[in-house]
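Hello,

Here is the structure I promised to pass on. My notes on it follow below, and I hope they are of use.

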Amino acid sequence: MEREQMYMAVYSFSRSNVFLTGLVLGAVWIVSKLWASWRSDKISSCKLPPGSNGWPLIGENITFFRAINSTTNHPRQFSIDRERRYGPVFRSNLFGSAKTVVSVDAEFNKYVLQNEGRLFQAKYPSTNNNLVGKYGMVTVHGELQRKLHATAVNLLRAEKMSSDFMDDIQNALSTAMEKWEDMRDIHLQHECHKIVLNLMAKKLLDLSPSQEMDGIYKAFKDFAGALVCLPINIPGSTYYKGMKARNVIIRTIHECIKERREHPEVERNDLLTKLLKDGSLSDEIIADFLVFFLFAGFETSSTVMAFSILFLTQNRQALQELTDEHFALLKSKGNEKITWEDYKSMKFTHCVIKETLRLGNVAPLIPREAKQDIKVKDFVIPKGWSILVFLNATHLDEKYHPEALTFNPWRWQNEDHELSDKAWFMPFGKGGRLCPGYHLARLEIALFLHYFLTKFRWEKLEDDHISYFPAPTLVKGLPIRVYPNSLQSVDGVMG
Ligand code: HEM
């Protein structure tokens, strides 16, 4: 009897428990449905930014890619019509997502970038994430991103430039350009890529130019090509080659790590050695960090070097003024190397660099995701939507830069050479992901211009133009023939 009572008690307890659990689950389900429906009502009652979804499946990709690949260097073409119809923040359907908003509003762009990690977060295509790795800088968020960002900023801060980079950059430029004297016909973009990759490999991994570096150079070319492609991982595909290239680079980094552990007595001054000594990051994080760092550091500034020569070839007056500035400096220095003070004194050079970054933007789009519903004027960008900060559009906007498609370095003449806080010119981004390499990039380009202009005159061997697809590049790599510049003039430079 007692057993029966006990059994009944347990039975009724578990029955009431099941009933209660069911009730709670039901209530949770109803509340979550009500919440979801209230949220979607809220979103639909607050208007989405106006815009178009384009064609089924294709969206607006074709129009977009046609604009950024145009021979007239006018990537803003895509946004001109849309801005007129819908305003500077508009809905679109790009890169496979119909939940995309494009912004060509300078102030809103700045707001988005400055609120990284709070209202917005970086969201690069998932193909990128596999290639740059779980811990690549554009893949990580929160605490780890801040730590890696701080490491990069510390390595590349202005004071480090004169002590750690000045001589290495000049040695790399002199060595490469000596070879150009014999080669005569060169693809300038390709040569600039090699110079900067060698420099980055030396500073990050203490690797010297060698046959091994040729392998790494090839791997980086495949890697870069795969960053903007369909993620089809079958032998022969661009993506497959990119993933293979990633493995080559990662293997090289792990070999360097092993070598440092086996031979701690060898003194080195590269970033890898510093990271290993610091000991706070795992090998896996270090390897992904370095892959991204190498890539971000070499592809960008080297491309801008080649762009600057394209623009100068087309503008003799700017070329003459710049050449005069560098021959005056050469005369005052004799055989001495350029110093940080000399670099800061290159007034017109800084104008040329800014104008090249404006007209030939190597980071045309910055992708973000809304972490919560974002109100913009009368519209709402719902949580989870992509926001494309279209820097090229503001950099080529007549409102901010009269005759925006003309290379006019003088427009920067009354500005300090440091970056301003102006929302309509942000070639290095803003906020928590502001490019840590911006001092280095400008120094590399300035020194490149000094060595190139004082050593060579040149003629172009073919017409060339910039394309932003799949990545910013000179389509033919800028083929030129170089001559020694004993005349100290730009005579013979043919645009
Ligand atoms: C002209 C040359 C360059 C341009 C225009 C440029 C532009 C940019 C931009 C716009 C971003 C921000 C991306 C975002 O907000 O999602 C960025 C990030 C970054 N850049 Fe550069 N960059 C250049 C050169 C360099 C160099 C020389 C290095 C290193 C040696 C470098 C390393 C990085 C790194 C590590 C990040 C990621 C920062 C983070 O996510 O925390 N960049 N760059």
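Axes here are lines fitted to C-alpha atoms, for helices over the stretch in contact, with angles running from 0 to 180 degrees between N-to-C directions. Helices are DSSP runs (H or I, at least four residues) numbered from the N terminus. Please note that this is a predicted model, in which local features need pLDDT of at least 70 and side-chain atom pairs count only at pLDDT 80 or more, while totals for chains, interfaces and linings use all residues. Residues are numbered from 1 along each chain as its sequence is written, and side-chain values use heavy atoms, with hydrogens and water left out.

First, the helix pair: the axes of α7 and α17 come within 9 Å and cross at roughly 35°.

Of its 20 lining residues, A172, K179, K194, N198 and P209 are the closest to the centre. Two or more lining residues come from each of α7 (158-183), α8 (188-205) and α9 (211-226). (A pocket is an open set of points on a 1 Å grid over the protein atoms alone, where a 1.4 Å probe fits, with protein on both sides within 12 Å along at least five of seven lines; lining residues have an atom within 4 Å of a point.

Finally, the ligand's iron atom has a single protein donor, C435 (SG), 2.3 Å away. Donors are N, O and S atoms within 2.8 Å of the metal (3.2 Å for Na, K and Ca); water is not among the atoms, so sites may look incomplete. C435 sits in the loop between α16 (391-395) and α17 (438-455).

Best wishes
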